[in-house]
Amino acid sequence: MKTPCCNGNTQKKGDSPSQVTIPIAGMHCPACALNIERSLNCLSGIISANVNFIAEDVTVMYDPFRTDIEMIKKAITKPGYIVRETFWGRTRSFWAERIFFIRMLFSATLVITAGLLEVLNTAPEPIIIGLNPSQLLSLSVIIIGGYPIFKGAIQSLLMKDVTVFSLVSIASIAAVLVGAYKEAAMVILIMLVGDSLERFALRKSRNALERLLNLAPTIALVKRTGSLRSLQDGEETEIPAEQVKPDDVLIIKPGARIPADGLLIKGDGSVNESSLTGESLPVDKKIGDTVYSGTINEAGAFEMKATKTGDDTHFALIKKLILSAESQKAPIQRIADKYARYFVPLVILIGLIVFIITGNYYKAITILIVACPCALVLAVPCAIATGITNATRSGILVKGGQYLEALGNISTLLIDKTGTLTTGKLAVTDIIPLGEENEQKAIWLSAVAEKRSEHPLARAIIQKSKEFGLEIPDPDSFEPFKGGGIKASSGTDTILIGNSTFLSAFVGGGEVPHNIAQISSQIEGQGKTALIVARNRGGGE
């Protein structure tokens, strides 16, 4: 986002701009993000500053000949926010969040106690500076609980801005000046409780984003050489995934998440690539095929040679796309930000007019208290972040808030590529028995053959057999054919299950009957996977 500089100037793009992303702590509402952007844009050499309120960072494009990263960090800390890059910064961030909730609980306890003392009429006489115990407790709430609010108001004034903190500060101070200590304490407590609820909602959005971005593997099993020249041929060792270098040979076991992009050089596997492609059916991989970071090897074991690592992998690019989408403001969010910026001064003006006309300060203070725009300006970025994060979990990548907003206005959705829009979970949808067999017998035969298989299709068949309430025995023999099917035996029966190409190798004439091939083709035309089941009854077809 680019906003005018506080001195009236705007920066223009240099010939060779640099870009940096800096983690920030201390933001609790979109007004904080606007304060940081304004502070940065007042710095000479800044081309653009875009604060990602949900991800808690700021991306700055700047002219390295006119400013540097240290000056950028000072501009961030000037309004009172924390740069989380250092140990001290992370420690301050950790305790700042917890101290806020402790302050809120402490203030609530004092307000309740003060109220009880007033209701019970206990110790009504003044004891210190002309204040009774109830008033002293209320004043403690104003000082202790109101500290972050008053601090925020001062920081916004230093940035030549008026925020909701300014509203609450003016209202509470005005209440104290007229002797309404209890009312001032309630104003502070209401603000703290509301802020706590907003922080809780915001933390849920941030945690959802963090869980999504932490799908990348943390450990890699390296076999030999590449960049690790100290290893002997054949030696294996575990290293952090970020230390994997191009040309390292990695061992991928069943169930492991692949730590880098690369080429399969030995063995084979069945890789779930839904995190990249959205395709629910795992892809069979053989020597020479490409595998991608963040995908899961569901069956088989293989060795791969890393070609792209770290921030160069496909998974890292998707992470960047998600973070970029989170930071892009939808049109409605820009309206909300603009509204918040002008709304607070307008409310203060209205409060002054009410006081001038009525002479009743309680009415003027009431206007300041009820006019809090935080919920409005916080709702938009939280809704966008949650929507984008949930969509990504379902395999849908949204490029930004403006596209999410536009989605609400469409009347017709056209989807290209039949069969790629799925629930992400495999399930048996159709059972077409031939000859004398019924559906129950067909699923029983399939489940017996697939019982020892690790393939996701096998799990779908086993689940279907459970829905039928069938008891599935272990097969007497089991022989998988990679990329084709399974040959198994149970008693005197030999069971074959797989695609038409696989079945063709076992039937007379080298091809499946025409009617079966036609049914298989129709099913696959619907975007489904067709499995053909056949059995040899102890010497008879």
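# A sheet and its helices

Visitor: How many of the seven residues of strand 2 are buried?
Guide: Strands are DSSP runs of E with at least two residues, and helices are runs of H or I with at least four, both numbered from the N terminus. A residue is called buried under 20% relative accessible area, exposed over 50% and partly exposed in between, using a 1.4 Å probe and protein chains only. Strand 2 is largely enclosed by the rest of the structure, because its buried residues number five of the seven.

Visitor: Which atoms do the side-chain values use?
Guide: This is a predicted model, in which local features need pLDDT of at least 70 and side-chain atom pairs count only at pLDDT 80 or more, whereas totals for chains, interfaces and linings use all residues.

Visitor: What percentage of the residues in the protein is buried?
Guide: The protein contains 17 helices and 15 strands. Of its 541 residues, the buried share is 42%.

Visitor: Which strands stand at the edges of the open sheet of four strands?
Guide: The open sheet has the strand order 2-3-1-4 and antiparallel pairing, and two strands count as paired if DSSP finds at least two bridges between them. Each edge strand has a single partner strand, so one side of it is left without a neighbour in the sheet, and these edge strands are strand 2 (46–52) and strand 4 (82–83).

Visitor: Which residue of strand 3 is the bridge partner of V20?
Guide: Strand 3 (residues 57–62) runs antiparallel to strand 2, with six bridges joining the two, and among the facing residues S48 stands opposite M61, while I46 has Y62 as its partner. Strand 1 is also joined to strand 3 by six bridges, again antiparallel. In that strand 3, the partner of V20 is V60.

Visitor: Is D57 buried or exposed, and what is its relative accessible area?
Guide: D57 has its place in strand 3. Leaving aside residues up to four places away in sequence, D57 touches T21, I22, P23, I24, M27, N50, V51 and N52, where a contact means heavy atoms within 4.5 Å. D57 is buried, and its relative accessible area is 15%.

Visitor: At what angle does helix 2 run to strand 1?
Guide: Axes are lines fitted to C-alpha atoms, for helices over the stretch in contact, and angles run from 0 to 180 degrees between N-to-C directions. Helix 2 (residues 69–77) lies across strand 1 (18–25), strand 2, strand 3 and strand 4, and its angle to strand 1 is about 35 degrees.

Visitor: Are helix 5 and helix 6 parallel or oblique to each other?
Guide: Helix 5 (residues 147–158) and helix 6 (residues 164–177) pack at about 120 degrees, with axes 8 Å apart. Angles under 35 degrees count as roughly parallel, over 145 as roughly antiparallel, 65 to 115 as roughly perpendicular and the rest as oblique. Helix 5 and helix 6 are therefore oblique.

Visitor: Which residues of helix 6 make the contact with helix 5?
Guide: In the contact between these two helices, helix 5 contributes I149, F150, G152, A153 and S156, and the residues of helix 6 are F165, S166, V168, S169, S172 and I173.

Note on methods. Residues numbered from 1 in each chain as written. Heavy atoms only, no water.
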